Each structure stands twice: as structure tokens, then as C-alpha cells.
Amino acid sequence: MGPYNIPRNVNDESRLLYIFTGKALIYTAICAAVGFLFYLILNAFGMKLIGLIVVAIFGLIGFCIGTFKVPNIGSFGFTKKVGGENIDDIILRAIKFKRANRKIYMYKIEEETKDE
């Protein structure tokens, strides 16, 4: 019997600028743009350095949202349920949940038992 090659997951995103995936770059740019709005407000009050720090913090938050996954820590109930999923997927799911008036539909399939 010959060797059998096990297929692997090759759907990984390619890297841009060494650390950014396409998704992480988009999230970083969007969050940095939101931070830039704060920069404009702070720059009008003469706090240019603080505005740049705010832009960097918002960009870092966007990078984290687009790159990292929720760790699977057994001691926290929340991470047991969503451990290993992307943070942006969880945020999008929460937004959809809020838009649906906080309703979750569950279907219970009952098994028929035969009385003998």
C-alpha cells in the first residue's frame, strides 16, 4: 500500500505588508479612519499629539479585530461557546442579533417513542 496524502486547509489568506491579511488591513484602515475623526477634533483644540495617539489606538483595535481569534479558555463560559472563532464574526453575529429584536429561534426535534 502506498502513502496517502492528507489534504490540508489551504484557504488561508495571503499576507500583505508582512503582518496584514487583506481583512486585517481593511479593518485597520476603517478603525484608523474613525480615529482620524477624533484627531481632527483634538487638532482643533491644539492637542495634535493626543490625536495621533488616538488614531494609533483605533488602528490597533481594528488590527486586533481583523486578525485575532477568541481563545478557548475553559474557565470562562463565554469563551467555551465561541473559542477559536474570529472576533469580527462574533461582532457581526451580535449586531445581527440586536437587529432581530433579540430573538433566537430554536427548533426542538422530538423523537417518537414506541410504547410496547
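Helices (H or I, at least four residues) and strands (E, at least two) were taken as DSSP runs, numbered from the N terminus. The model is predicted, and local features were required to have pLDDT of at least 70, side-chain atom pairs counting only at pLDDT 80 or more, whereas totals for chains, interfaces and linings use all residues. Residues are numbered from 1 along each chain as its sequence is written, and side-chain values use heavy atoms, with hydrogens and water left out.

Phenylalanine 45 is located in the loop between H1 and H2. Helix H1 (residues 22–44) packs against helix H2 (residues 48–67) at an angle of about 160 degrees, the axes being 7 Å apart; axes are lines fitted to C-alpha atoms, for helices over the stretch in contact, and angles run from 0 to 180 degrees between N-to-C directions. H1 and H2 are therefore roughly antiparallel to each other (angles over 145 degrees).

Two salt bridges are present in the structure, each defined as a side-chain nitrogen of Lys or Arg within 4 Å of a carboxyl oxygen of Asp or Glu. A salt bridge joins the side chains of aspartate 88 and lysine 23 (3.6 Å, N to O). Aspartate 88 belongs to helix H4 (residues 87–99) and lysine 23 to helix H1, so the pair ties together parts that are 65 residues apart in sequence.

Methods
Angles under 35 degrees count as roughly parallel, over 145 as roughly antiparallel, 65 to 115 as roughly perpendicular and the rest as oblique.
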